[in-house]
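User: Please pick one part of this model and take a close look at it. Then carry on to what lies around it, and give the cut-offs as you go.

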Amino acid sequence: MEKDQKQNALNYISDCNDPDKLQIIAKNSAQKGEFEVQEAASPKLHSILPSQDPGTLEFDVWCSIYALEDTLKLERGKTVRLGRTRPKITKQGEKNTIIDLINGKMSEGFEMLVERNMIEYTFEAVALRHPNQFDKETLHNAQARLDAAAKHTPL
C-alpha cells in the first residue's frame, strides 16, 4: 500500500463509526500484511461496539470482550463468542465477574490476551483503570498478575 493510500485509510478509520466497515478493513488489512491499518481499525471497532457509556467500567469490560472475540475471529476465520464470560456477566454483572476472575485462577481469556500483546484489554487492566470500584485485594491480585505476565512477555 502506498503512503497516500495508507494515510487515506487511517483518516477514514478515524472518522468511521460503522462496525461492519471497520471489521472489513481490519480483516482485509491483516490479510494483506498492512498491520498499521489493521492496528488502527481494530481498537476503533472495539471502542464503538459497546452500548455502555464511554469511561465506565461496563464500557471497558465490553471493549475487552469485543477485542478478544474479534481477534479470535480474525485468527480462526469464524465468529467466536466468549461462552463462559458472557453468561457470567448476564448472571452476576460486569463488576462481580471481574472480581471472580481476578481473585480466582488465571482465566483462559487473560492468557489469550497476554499471548497476543493485548494486556490493556485484560480484566486486570480494566480493574486498575477503575480502582474506586474494587477492593484492595482485587486490585492487588490484578497488579500481581499483570506484573507476573510482564516478566514472561518478551518486549
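Analyst: Start with helix H5 and its cover. The buried residues of H5 are covered by elements that include helix H4 (57-76), helix H7 (123-129) and helix H8 (136-152). Helices here are DSSP runs of H or I, at least four residues long, numbered from the N terminus. Buried means under 20% relative accessible area, exposed over 50%, and partly exposed in between, with a 1.4 Å probe and protein chains only.

This is a predicted model, where local features need pLDDT of at least 70 and side-chain atom pairs pLDDT 80 or more, while totals for chains, interfaces and linings use all residues. Residues are numbered from 1 along each chain as its sequence is written, and side-chain values use heavy atoms, without hydrogens and water.

Which residues of H5 are buried? They are Thr85, Ile89, Glu94, Thr97, Ile98, Ile99, Leu101 and Ile102.

Now the shape of H5. Helix H5 runs over residues 85-103. A straight helix of 19 residues would span 27 Å, yet the end C-alpha atoms of H5 are only 15 Å apart. (The expected span is 1.5 Å times one less than the number of residues.) H5 bends by about 115 degrees at Gly93. The bend is the angle between axes fitted to the seven residues ending there and the seven starting there.

The largest pocket holds about 460 Å³ of space. Of its 23 lining residues, Leu82, Thr85, Ser107, Glu108 and Gly109 are the closest to the pocket centre. Thr85 is also one of the buried residues of H5. The elements giving two or more residues to this lining are H4, H5, helix H6 (108-115) and H7. The lining of the largest pocket has 11 nonpolar, six polar and six charged residues. (Asp, Glu, Lys and Arg are charged; Ala, Val, Leu, Ile, Met, Phe, Trp, Tyr, Cys and Pro are nonpolar; the others, Gly among them, are polar.)

Pockets come from a 1 Å grid over the protein atoms alone: open sets of points where a 1.4 Å probe fits, with protein on both sides within 12 Å along at least five of seven lines, and lining residues with an atom within 4 Å of a point.

Next, the second largest pocket. Its volume is about 270 Å³. Among its 13 lining residues, the closest to the centre are Gln38, Glu39, Ser42, Thr71 and Met118. H3 and H4 each give two or more residues to this lining. H3 gives the largest share, five residues. By class, the lining of the second largest pocket has four nonpolar, four polar and five charged residues.

Pro50 counts as buried because its relative accessible area is 8%. Beyond its neighbours within four places in sequence, Pro50 is in contact with Phe59, Trp62, Cys63 and Tyr66. Contact means heavy atoms within 4.5 Å.

A last stop is the loop between H6 and H7, where Asn117 sits. Asn117 is not a glycine, yet it has a positive phi of about 55 degrees. Most residues other than glycine have a negative phi. Asn117 counts as exposed because its relative accessibility is 54%.

Methods
Grid points are joined across faces, edges and corners, and a volume is the space filled by probe spheres set on the points.
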